[in-house]
Every structure is written in structure tokens, then in C-alpha cells.
Amino acid sequence: MGIILKTAAEIDGIRKAGHIARGALNHIAPHIQAGITTLAINEMVEAYLAEHGAIAATKGYKGYPASSCISLNDVICHGIPSDKDVLKDGDIVNVDVTAILNGFYGDTCRMYLVGDVSPEAQKLVEVTKECLNLGIKQCYPGNYLSNIGFAISNYARRNGYSVVTDFCGHGVGIKFHEDPEVLHEDSRNRGPKLRPGMTFTIEPMINQGKARSKVDRLDGWTARTIDGKLSAQFEHTVLITPSGVEVLTDIDNEYPIS
Ligand code: MF3
Ligand code: CO
Ligand code: CO
């Protein structure tokens, strides 16, 4: 246990896995439209990973059955792709992919808007994306890990939203879930300091209503909001560099390497 600092060769492997995971999310984007099932989306993810020599970390993980998690509207995370779930106009949906390539793990997720989405839902998605961005801005050597969650929770609360605390970010790279836990609601200047070579996810889940979640009793995975209100999530795998941060799952140069 403890936080593993990665070598240059390991970082290279995690970056390659991360780029494939993100490539899958970009690849499916034009297909996320009303009428498609979440099972069909999962199949596209699985095919993309296979074409790139990778496999999905989720498939068979603690019994999880699919190559992605697909979480619709009030589903916070870990939605299981299904041929019963057909996307419809106005939905917001998250797809979360973790690729394993040559033994290394890259983990990322994003939201998609289906057709005409209400201004309220659009705002939740935009604020959640900004929560991730603010968390990434806290990533530099010597800063406290907890300042990530401090920045995220302040911004979410200022916008009238709540932060899910039943799930958190995590070290990633050599294994799927490593130390440390990355809390998305946290206090200032606590816990370990960030050091070059750390790789972990930031993956805030932000709710319109109450923060609490309940896991589906039948499938044992699907986590929903307790009040049926919407939830959104964005996730990247980041590397602490000597001078700042590299987003290892960014293939669109949204986050310049510092
Ligand atoms: N990819 C998710 C994460 O961000 C984990 C999914 S675990 C599963 O940590 F078992 F639900 F697939
Ligand atoms: Co993920
Ligand atoms: Co994750």
C-alpha cells in the first residue's frame, strides 16, 4: 500500500493506456444520439479498445459485467449498459472507460448531451466540468492533495449543487485503484503533499439535489441519487510533474502540460 511514485517507463505506459481510453470516448461521441441503447455504446467502446490492443479494466472487476460504465440522468456512476436503456432527447449521459494496455491503466469519463437538453441540465454539466478543471489546477508539487477537493466543493456549493462523497478519485496506473483516495469535498491544506511521479484520477460527481446515493438492490452496481435529481461527472487521470501537471487522458490538448 501507500502511494506509488511512477518511473518514466511506467508513466509512458499509463499515458498510452490513458490516450486509448480517451480515444474511445471521442470515437463514440458522434453516435451518442436519441434511439441508441447504452449496450450498443458499450459495444463500440469494447471494439475500439480491442482495435487498439487494449482491454477494459471494468469487465470482470469485482463481477462488473461490461467494458464501460454508462450512467444516465439520475444515475451517479456505475450504470450497467443495457439493451433496455434507449437514449432519448434531453438526456444527459456519462460514459466511463478504463483501458488496460501492456498492464498499465488509464481512467477517464465525460458527459454527453442527447439532443435538446434543458438549460438546468446543461448548467449542471458545465459546472461539473469546471469542477474537474479547478481540481486539475490544484495539481503541482508541494500542494496539499486535499486542496483538490477543497476547490471542487467550494465551486459546486457556490453554484447550488452538492458533491457526492460516497465515491472518490483514486491512485491509478499499475493497478485500477491505488492509494491515495482523492476526495472531491475536502478541507484546505490537509493530508499528503503532491509529489512528482504521482498518478491519480480526479472524478467529481456533482448532484442537482441531495448528495446521497443508493445502489440498485437488484444489480448491485447502479448508484442513483436518492431524490431522482440529475447527477454529472467528468474524470481524468493526472500525473504530477516536477513543474505542475500532465493530464494523461487528454488527447485534445485541453490541458497544456506544465
Ligand atoms: N472507472 C470507474 C472509476 O472511475 C470505476 C468503475 S468500477 C466498476 O473509478 F466496477 F464499476 F466498473
Ligand atoms: Co473511471
Ligand atoms: Co476512476
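Q: What spacing do the donors of the cobalt ion (ligand 2) follow along the chain?
A: The spacing is D-x10-D-x127-E. Keep in mind that this is a predicted model.

Q: Which residues coordinate the cobalt ion (ligand 2), and at what distances?
A: D96, D107 and E235 coordinate the ion, at 2.1 to 2.4 Å.

Q: What are the angles like among the donor atoms of the cobalt ion (ligand 2)?
A: There are six donor atoms, with angles of 58 to 169° among them. The site is irregular.

Q: Which residue bridges the cobalt ion (ligand 2) and the cobalt ion (ligand 3)?
A: D107 does, and the two ions lie 3.3 Å apart. D107 lies in strand β5 (residues 104-113), while E235 is in the loop between β13 (231-233) and β14 (236-241), so the pair ties together parts that are 128 residues apart in sequence.

Q: OK, the other ion. What are the protein donors of the cobalt ion (ligand 3)?
A: They are D107 (OD), H170 (NE2), E203 (OE) and E235 (OE). These donors lie 2.1 to 2.2 Å from the cobalt ion (ligand 3).

Q: And how are those donor residues spaced in sequence?
A: For the cobalt ion (ligand 3), the pattern reads D-x62-H-x32-E-x31-E.

Q: Why is the arrangement around the cobalt ion (ligand 3) irregular?
A: Because its six donor atoms subtend angles of 52 to 160°. For reference, ideal angles for six octahedral donors are 90 or 180 degrees.

Q: Switching to helices. At what angle do α1 and α2 pack?
A: Helix α1 (residues 8-28) packs on helix α2 (residues 38-51) at about 135°, and their axes are 9 Å apart. That angle makes α1 oblique to α2. The crossing is right-handed.

Q: Which residues make the contact?
A: On α1, they are I20, G23, A24, H27 and I28. On α2, they are I41, M44, V45, Y48 and L49. By class, this contact of α1 with α2 has eight nonpolar, two polar and no charged residues.

Q: How do α3 and α4 pack?
A: Helix α3 (residues 119-137) meets helix α4 (residues 146-158) at an angle of about 155°, with axes 8 Å apart. The two are therefore roughly antiparallel. α3 passes α4 in a right-handed crossing.

Q: Which residues are in that contact?
A: α3 contributes V127, E130, C131, L134 and G135. α4 contributes I148, A151, I152, Y155 and A156. The contact of α3 with α4 has eight nonpolar, one polar and one charged residues.

Definitions and conventions. Residues numbered from 1 in each chain as written. Chains lettered and ligands numbered in written order. Predicted model: local features only at pLDDT ≥ 70, side-chain atom pairs only at ≥ 80, totals over all residues. Heavy atoms only, no water. Axes fitted to C-alpha atoms, helices over the stretch in contact; angles between N-to-C directions. Helix = DSSP H or I, 4+ residues; strand = E, 2+ residues; numbered from the N terminus. Parallel < 35°, antiparallel > 145°, perpendicular 65-115°, else oblique. Left-handed = near helix turned anticlockwise from the far one by under 90°. Contact = heavy atoms within 4.5 Å. Nonpolar A, V, L, I, M, F, W, Y, C, P; charged D, E, K, R; others polar. Donors = N, O, S within 2.8 Å, 3.2 Å for Na, K, Ca; no water. Tetrahedral: all angles 85-135°; square planar, octahedral: opposite > 155°, others 65-115°.
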